[in-house]
Amino acid sequence: MIFLKRQLPLAVTFVMGVAFAIQYYIPHPVSEEAITNVSKWMQIISGFALALGLASIFHVHAVKIKRQVPGWGYSIVLYAAMLATIIVGFWSKGETRVNGAQTALGWLYDYSMVPLQGTMFSILAFFIASAAYRAFRARSREASVLLVAAVLVMMGRVPLGQFLLPWTWDVTQWLLNVVNSAVRRAILIGVSMGQVALSLKIILGIERAYLGGGRDQ
Amino acid sequence: MPGPVLPTETLLGAWVAAGLTLFIYSFLYKDNPLFKLGEHLYVGISVGYSVVLAWHTVFLRLLWEPVKKDIIENPAALGSYVLLIPAVLGLLMWARFIPKIAWLSRLAFAFVVGFGSGVAIPRAVSSYILKQIEDTVNPLVIRGADGLSMGFNLASPQSGVNTIVLVIGVVSVLFYFFFSVEHTGPGRVTARTGIYFLMIAFGAAFGYTVMSRMSLLIGRFSDLIKYASAEYGYAALVLLALTVLALAAWEMASRGRHAV
C-alpha cells in the first residue's frame with residue numbers, strides 16, 4: 001500500500017518528467033503527436049480540477065449560511081448569481097453569439113461580467129494614486145529615480161503630456177524598450193534558472209509538496 | 001427629433017451595467033452593502049461562466065463528442081478512447097473529497113506536475129535563458145556601405161550604445177540577485193547599478209500600469225456618460241441618484257445603530 005500511496009506517484013512524476021523533457025529534442029511526428037495529445041489531456045484534467053475549486057467556494061459560503069455569520073445574505077446572492085449564470089449558459093449552449101445575434105449568455109457577459117470586471121480593475125486607478133503618494137515620496141535616491149521614471153512614462157503615454165513635453169514620448173520609448181527590457185531580461189533569466197532547478201527537484205522526487213501532506217508523504 | 005427606440009434587451013442591459021458599475025464605485029465612499037452586493041454578484045457570475053465554459057469546451061468538445069463519434073462510427077478502433085485516460089485521471093482528482101481514498105488524487109497530480117516539469121526544463125533553457133542571452137549579446141559595430149560603424153541612435157534599441165546599456169543592465173541586475181558573493185568593492189558598484197536599473201524599470205512599469213488602469217476608468221466613465229442620455233432613459237443619472245440615496249439611508253441607519 002505504501003508503494004501505491006508514495007512510490008507510484010513519484011514514479012509517475014519521474015517518468016512523465018523525463019519523457020517530456022526528452023521529447024523536446026526528438027523532432028519526430030510521433031513525439032510531436034504525443035505532446036499535442038497530452039496537452040489536450042491536460043485541458044481535460046484541468047476541467048475536472050475546476051470542480052475542486054467549485055467545491056471549495058461552495059463549502060466556504062455554505063458554512064457562512066449555516067452559521068449565519070454577518071453578511072451571510074451575500075453568500076446567497078453569490079449562489080443565486082452562479083446558478084443563474086449556469087442555467088443561462090446551458091440554455092444558450094455555451095455560446096455568447098449565434099449567427100451574430102447575442103444569446104442570453106452573451107447578454108449576461110456583455111452587461112454584467114464586462115462592466116463588473118472593468119470597474120473592479122479601474123477602481124484601482126484611485127487606490128494606485130494614494131499608493132503612489134506613499135511609495136514615491138522621494139526619501140532616498142532610489143525612490144527619486146523610481147518617481148522620475150514613473151512620471152516620465154505617465155507623461156509620455158498621454159496626449160496632454162506629449163503636447164506639453166514632446167520629448168517625453170522618446171524618453172518613454174527608450175525607458176520601456178531598453179532599460180525595462182534589460183531588467184525584464186535579467187529577471188527572466190533568473191526566474192527560468194529557478195524554474196529549471198525546481199522542475200529537476202520535482203522530477204527527482206526531492207520536492208514533494210504537490211503530493212499534499214499526510215503520514216504517507 | 002427622438003432617435004430610434006432601442007431594443008428592450010439593450011435598454012435593460014444598459015440599466016444593469018450602469019447599476020453594477022455604480023455599485024462598485026460606491027466603494028470609493030467606503031465599504032458598503034451595495035459594493036458587497038456587486039462584489040458577490042461578480043464572483044458568482046464569473047464562477048458560473050467558468051463552469052459553463054469548461055463544460056462546453058472541455059467536457060463536450062474535447063471529451064464527449066470525439067468519444068461519442070467513435071462509438072457510433074467505428075466502435076472497434078481505439079481512436080478517441082484514449083481520451084478516457086485523462087477523464088479517469090480527472091476523476092481521480094475528485095478522490096480528494098473522500099478521505100479514505102484521497103491518496104488516489106496523488107496519481108493525477110503526479111501526472112500533471114510531472115508533465116509540467118518535464119516540458120518546462122527544455123523550454124525554459126532554450127526560450128528564456130539561451131534566447132535572452134543571445135538577444136542581449138549583439139554586435140556593437142555593423143558593416144555598412146561606408147565600412148564599419150557604431151550606432152549612437154538612442155531611439156533604435158539595436159544601436160551600439162543601447163546594446164552597451166542593455167548588457168550593463170542585464171549583468172548588473174543579475175549580479176544584484178547573486179548572493180553567493182559579498183557585494184563589496186567593484187561588486188558593490190555593480191549591485192548599486194543593478195538597483196538603479198531596477199528602480200527605473202519598476203517606475204516605468206508602475207507608470208504603464210497606472211495609465212492602463214486610467215484607460216479602463218475612462219472606458220467605464222464613457223459608458224456611464226452614454227447610459228446617462230435620454231436614449232437609455234437617463235439610466236446612469238437615475239441610478240446614481242438612487243445609489244446616493246441608498247448610501248445616505250444606510251449611513252443614517254448605521255449611525256442610529258451606533259448611537260443605541
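Q: What distance separates the centres of domain 2 and domain 3 of chain A, taken over C-alpha atoms?
A: The model is a predicted one. Its domain assignment for chain A places domain 2 at 71–122 and domain 3 at 126–201. Between the centres of these two domains of chain A, taken over C-alpha atoms, the separation is 36 Å.

Q: Which residue of chain B forms a salt bridge with A:Glu142?
A: A:Glu142 is buried, at 15% relative accessible area, and lies in helix 6 (residues 141–156) of chain A. The closest N and O atoms of the pair are 2.6 Å apart, and the partner is B:Arg192.

Q: Is B:Arg255 buried or exposed?
A: B:Arg255 and B:Glu251 meet in a salt bridge of 3.8 Å, N to O, and both lie in helix 7 of chain B, four residues apart. B:Glu251 is buried, with a relative accessible area of 11%. Exposed requires over 50%; because its relative accessibility is 58%, B:Arg255 counts as exposed.

Q: Which helix of chain A gives the most to the nonpolar patch?
A: The surface patch includes A:Phe14, A:Val15 and A:Tyr24, and its residues together have about 950 Å² of accessible area. A:Tyr24 is found in the loop between helix 1 and helix 2 of chain A. With four residues, the main contributor is helix 1.

Definitions and conventions. Residues numbered from 1 in each chain as written. Chains lettered and ligands numbered in written order. Predicted model: local features only at pLDDT ≥ 70, side-chain atom pairs only at ≥ 80, totals over all residues. Heavy atoms only, no water. Patch = residues over 30% accessible without salt bridge, like charges linked within 9 Å, V, L, I, M, F, W, Y side chains within 5 Å. Areas by Shrake-Rupley, 256 points an atom, 1.4 Å probe, with all protein chains shown as cover. Salt bridge = Lys/Arg side-chain N within 4 Å of Asp/Glu carboxyl O. Helix = DSSP H or I, 4+ residues; strand = E, 2+ residues; numbered from the N terminus. Domains from an automatic or database assignment. Buried < 20%, exposed > 50% of the residue type's maximum accessible area, 1.4 Å probe, protein only.
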